[in-house]
Amino acid sequence: MDLLDHLRRMARNNLWSNDRLYSAVLQLEPGEFEAERTSFFPSIKATLNHILAVDHLSAHDLDRRVVTDRREDGKIPERIGDLLAHLFTHDIHHRGQVHAMLSGTSVKPPQLDEFFLDYDLKLRKAEVERLAIDGGN
């Protein structure tokens, strides 16, 4: 498996995990989505909006450079394709926060720690088919 194949697998898992989390969030009682909670972002809504903004990348954007300013040495242009590993870790991190916040709502947090292993296929088959993604190796 090369790096591109690995990134494609991570992208499929990212789509599947987001879909599972969104499905749970759609079941929230009125007011729970926007309710103030303890986390980096103050609500499920704010956290999911942050994930969504970061996830909006197209194929032609992979070579485009964006300016990052996360370091003490100022703004640094980075190739978006090089930021993908961070993007996947970023989304996992913030999905975990939403998962924890769901524990304080009327909705049970969904299972998110499955991956695209043959062992888990039966647990995600319908979702993979609905999302039209290749869940296999």
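The predicted model holds 1 cavity of 30 Å³ or more, where a cavity is a set of points, on a 1 Å grid over the protein atoms alone, at which a 1.4 Å probe fits but cannot get out. Rolling a probe the size of a water molecule over the atoms shows where empty space is left. The volume of the largest cavity comes to about 30 Å³, taken as the space filled by probe spheres set on grid points that are joined across faces, edges and corners. Its lining, made of residues with an atom within 4 Å of a point, consists of Met10, Asn13, Asn14, Phe88, Ile92 and Arg95. Helices α1 (3-25) and α3 (84-102) each contribute at least two residues to this lining. By class, the lining of the largest cavity has 3 nonpolar, 2 polar and 1 charged residues; here Ala, Val, Leu, Ile, Met, Phe, Trp, Tyr, Cys and Pro count as nonpolar, Asp, Glu, Lys and Arg as charged, and the others, Gly among them, as polar.

Helix α3 also carries His94. With 5% relative accessibility, His94 is buried, a label for residues under 20% relative accessible area, while exposed means over 50% and partly exposed lies in between (1.4 Å probe, protein chains only). Leaving aside residues up to four places away in sequence, His94 touches Phe40, Phe41, Thr47, His50 and Ile51, a contact being heavy atoms within 4.5 Å.

Although not a glycine, Ala132 has a positive phi of about 55°. This residue sits in the segment after α4 (121-131), and Ala132 is exposed, with a relative accessible area of 69%.

Turning to the whole chain, the protein has 4 helices and 2 strands, arranged along the sequence as α-α-β-β-α-α. These elements are DSSP runs numbered from the N terminus, with helices (H or I) of at least four residues and strands (E) of at least two. The C-alpha trace spans about 45 × 40 × 20 Å along its principal axes. Of the 137 residues, 37% are buried. Among contacts between residues at least 6 apart in sequence, 60% join residues at least 24 apart. The protein exposes about 8900 Å², with 56% of that supplied by carbon and sulfur atoms, as given by the Shrake-Rupley method with a 1.4 Å probe.

Residues are numbered from 1 along each chain as its sequence is written, and side-chain values use heavy atoms, leaving out hydrogens and water. As the model is predicted, local features need pLDDT of at least 70 and side-chain atom pairs count only at pLDDT 80 or more, whereas totals for chains, interfaces and linings use all residues.

Technical notes. 1 Å grid on protein atoms, 1.4 Å probe; cavity = no way out; pocket = protein on both sides within 12 Å on 5 of 7 lines; lining within 4 Å.
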